[in-house]
Amino acid sequence: MASPLGALSAMLLLLVVALAKNCEATAMHSAIHAVRRHGHKLKPIKQNKSNFKSGPWRKAHATFYGGGTDSFGGACGYKDVVQQGYTLNTAAISDVLFKKGKGCGGCFELKCVNSPKWCKKGSLFVTATNLCPSNPSLPGKEHFDIAQPVFNKIADYIAGIIPIQYRRVPCNKKGGIRFTIMGNPWFNQVIVWNVGGAGDVVSLQVKGNDNVKWTKLERDWGVTWKTSTHLVGESLTFRVTTSDGRELTSWHVAPKNWQFGQTYEGKNFK
Ligand SMILES: *[C@@H]1O[C@H](CO)[C@@H](O)[C@H](O)[C@H]1NC(C)=O
């Protein structure tokens with residue numbers, strides 16, 4: 001028989017494990033449920049001529065999570081954040097920031113505050129590439145779960161959870177905006193990635209060179225958009241609108257003989 005003391009320490013251990021468990025384990029499932037509803041209609045947005053500017057500093061908390069580079073883009077639908085140029089400077093964001101996938105691709109500057117023991121100087125720039133579902137054991141609603149390898153740029157790992165300040169910043173991406181076309185002739189999916197400027201896409205439209213007139217795609221999940229319009233055999237032009245109301249049109253970015261599984265590159269937002 002285990003001693004009462006042994007049982008007690010086992011219970012304490014379980015409690016610690018339960019509290020320390022951060023949110024990535026359930027990220028995929030919640031995201032899939034959150035986005036498997038029909039896309040709602042977007043209000044028309046006026047074209048914004050000015051470049052995206054950094055927003056005000058706000059309060060939040062941050063933790064870190066581990067995993068392979070293919071897991072950091074989970075709920076947003078990025079395949080491999082490192083291969084796709086996001087590096088490991090990525091974060092899973094809580095529901096209020098994730099906004100059912102609309103927050104994917106947004107860029108943030110984070111700094112550790114009010115914790116002299118753990119905070120390091122300087123700040124960290126991350127792109128939102130995943131969902132961190134609400135966790136009652138975490139204080140506040142705004143939360144960043146940072147990819148482990150970069151968390152220690154702003155604080156000591158041992159801290160576990162840290163108070164931070166964050167603000168939206170323009171996304172500086174190398175190279176052009178990318179469109180990866182997936183699916184089949186009856187169900188096209190377009191993944192929009194490496195988006196500069198505001199970084200978070202609110203609307204995607206496609207136009208063919210022949211039969212396909214301007215057609216709105218619906219958000220499938222994260223940065224994946226869908227349409228059942230027949231696109232095969234036409235050159236494709238994509239028009240992307242970001243959350244600041246800016247539009248970018250990539251004329252004939254996919255040639256007539258475009259293929260499923262291929263990625264096409266247009267010019268980027270500045
Ligand atoms: C246009 O962009 C600027 C700079 O980011 C921003 O301050 C402003 O709110 C945007 N306007 C709209 C209508 O989104």
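Ala-91 stands opposite Ala-128 in β4. These strands are DSSP runs of E with at least two residues, numbered from the N terminus, just as helices are runs of H or I with at least four residues. The model is a predicted one, in which local features require pLDDT of at least 70 and side-chain atom pairs count only at pLDDT 80 or more, whereas totals for chains, interfaces and linings use all residues. Residue numbers start from 1 along each chain as its sequence is written.

Strand β2 (residues 90-93) and strand β4 (residues 124-131) are paired in the parallel sense over four bridges; two strands pair if DSSP finds at least two bridges between them. Both strands belong to a closed barrel of six, which runs β1-β5-β2-β4-β3-β6 with mixed pairing. From one strand to the next, the twist averages 45° (axes are lines fitted to C-alpha atoms, for helices over the stretch in contact, and angles run from 0 to 180 degrees between N-to-C directions).

An open sheet is formed by five strands in the order β11-β12-β8-β7-β15, with antiparallel pairing. Because β11 (218-221) and β15 (263-266) stand at the edges with a single partner strand each, one side of each is left without a neighbour in the sheet. Neighbouring strands of this sheet are turned against each other by 35° on average, direction ignored. Within the sheet, β8 (residues 187-193) pairs with β12 (residues 224-227) in the antiparallel sense over four bridges, and Asn-188 has Thr-227 in β12 as its bridge partner.
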